[in-house]
Amino acid sequence: MSSPEFDFAVLIPARNEEATIGRIVDECNRYCRKILVIDDGSSDKTGIEASHAGASVVKNLKPAGLGAALELGIEHLKKDGVAVIVTLDGDGAHDPAFIPSLLHHHASNEADLTLGSRFLNEPLAIDVPSPKRAANFFATSLVAAITGTDLTDVISGMRVLGPKVLNLKPKRTDYGFSQALVVQAIQNGLSISESPIAVRYDADNLFCTGKQELFENISFSIQISDNVDIRRQLFMLRTHVERLSRVSISIAGRLVVLHPIPEHNGFIFQFQSPWYAQLQEEADISPLIRF
């Protein structure tokens with residue numbers, strides 16, 4: 001499938017991705033003539049490898065965060081007259097081969113924002129490790145509880161941003177940017193669609209969710225929620241995350257356990273059987289937070 005006949009650019013935020021960024025840019029070259037890599041304070045050769053592969057590169061001297069890198073890239077591309085941007089990660093998780101189908105879906109649905117969903121097509125989700133499935137389920141269900149939407153992948157980094165979305169200002173420089181952009185689009189009544197993508201994870205390195213990323217996303221959820229009960233539970237959850245302690249969460253009819261991994265300063269998310277969760281709650285073994 002070839003890309004739609006309209007101008008767009010690819011935006012890739014990257015930090016210390018010298019091993020993968022060149023190959024990703026090279027793959028993107030098949031579908032797009034304009035590729036911008038934001039080198040977010042890398043200490044390796046990320047920027048050099050991206051440039052050698054044919055991308056334009058803007059480098060932050062110091063790490064500014066995912067949101068800041070995306071905002072910087074959006075502003076640069078807008079100044080160049082770009083009205084549609086495809087974003088994807090520089091670590092190889094997102095396959096650029098899905099760029100054409102994402103763009104076709106975006107155009108045919110006249111969407112303002114199109115999310116590349118890892119979970120719309122189950123056969124495509126075969127390579128998503130179970131901890132990533134559970135973590136995404138939690139994040140997406142939380143946004144659904146706060147906004148009343150039924151999206152399946154609100155934190156996907158592969159997405160298509162239309163002109164109206166490019167003018168949004170989430171004011172998040174951290175990992176919460178991706179979630180905040182979706183919420184702000186919902187609040188502004190913009191059209192959001194989802195199109196299936198496959199991902200390719202390095203299970204050696206991407207087996208847990210970082211404490212800081214999780215803390216920032218929970219803090220953002222507290223900020224946007226006007227439900228007193230949800231906010232109370234979120235404050236409790238944030239305390240457990242800050243302390244890097246084990247906690248169980250009941251949300252959208254499922255139970256998810258967050259196991260701390262101190263040596264990696266993060267958590268592994270796992271689905272839990274309700275039967276065991278009830279035993280744990282009755283024995284007061286593990287705190288249970290309900291949404």
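**Reading contacts, burial and helix packing**

Student: Which residues is Leu 120 in contact with, leaving aside its neighbours within four places in sequence?

Tutor: Contact means heavy atoms within 4.5 Å. By that rule, Leu 120 meets Thr 152, Glu 194, Ser 195 and Pro 196. Keep in mind that this is a predicted model: local features need pLDDT of at least 70, side-chain atom pairs count only at pLDDT 80 or more, and totals for chains, interfaces and linings use all residues. Residues are numbered from 1 along each chain as its sequence is written, and side-chain values use heavy atoms, with hydrogens and water left out.

Student: Where in the chain does Leu 120 lie?

Tutor: Helices (H or I, at least four residues) and strands (E, at least two) are DSSP runs, numbered from the N terminus. Leu 120 sits in the loop between strand E5 (113-117) and H5. Its C-alpha atom is separated by 27 Å from that of His 259, 139 residues apart along the chain.

Student: What about Arg 290: in which strand is it found?

Tutor: Arg 290 belongs to strand E12 (residues 288-290). With a relative accessible area of 45%, Arg 290 is partly exposed. The C-alpha atoms of Arg 290 and Ser 101 are separated by 38 Å, and these residues are 189 apart along the chain.

Student: How are two packed helices described, and what is the case for H8 and H9?

Tutor: Two packed helices are described by the angle between their axes and the distance between the axes. Axes are lines fitted to C-alpha atoms, for helices over the stretch in contact, and angles run from 0 to 180 degrees between N-to-C directions. Helix H8 (residues 211-224) and helix H9 (residues 228-243) pack at about 165°, with axes 10 Å apart. So H8 is roughly antiparallel to H9. Angles under 35 degrees count as roughly parallel, over 145 as roughly antiparallel, 65 to 115 as roughly perpendicular and the rest as oblique.

Student: Which residues of H8 and H9 make the contact?

Tutor: Among them are Leu 214, Phe 215 and Ile 218 of H8, and Leu 234, Phe 235 and Val 241 of H9. The contact residues divide into eight nonpolar, three polar and four charged. Ala, Val, Leu, Ile, Met, Phe, Trp, Tyr, Cys and Pro count as nonpolar, Asp, Glu, Lys and Arg as charged, and the others, Gly among them, as polar.

Student: At roughly what angle do helix H7 and H8 cross?

Tutor: The axes of helix H7 (residues 176-187) and H8 cross at roughly 25° and come within 9 Å. That makes H7 roughly parallel to H8. The H7 side of the contact is Gly 176, Gln 179, Ala 180 and Val 183.

Student: How many helices and strands does the chain have?

Tutor: Ten helices and twelve strands. Along its principal axes, the C-alpha trace spans about 60 × 40 × 35 Å. Of the 291 residues, 52% are buried.

Notes:
Buried < 20%, exposed > 50% of the residue type's maximum accessible area, 1.4 Å probe, protein only.
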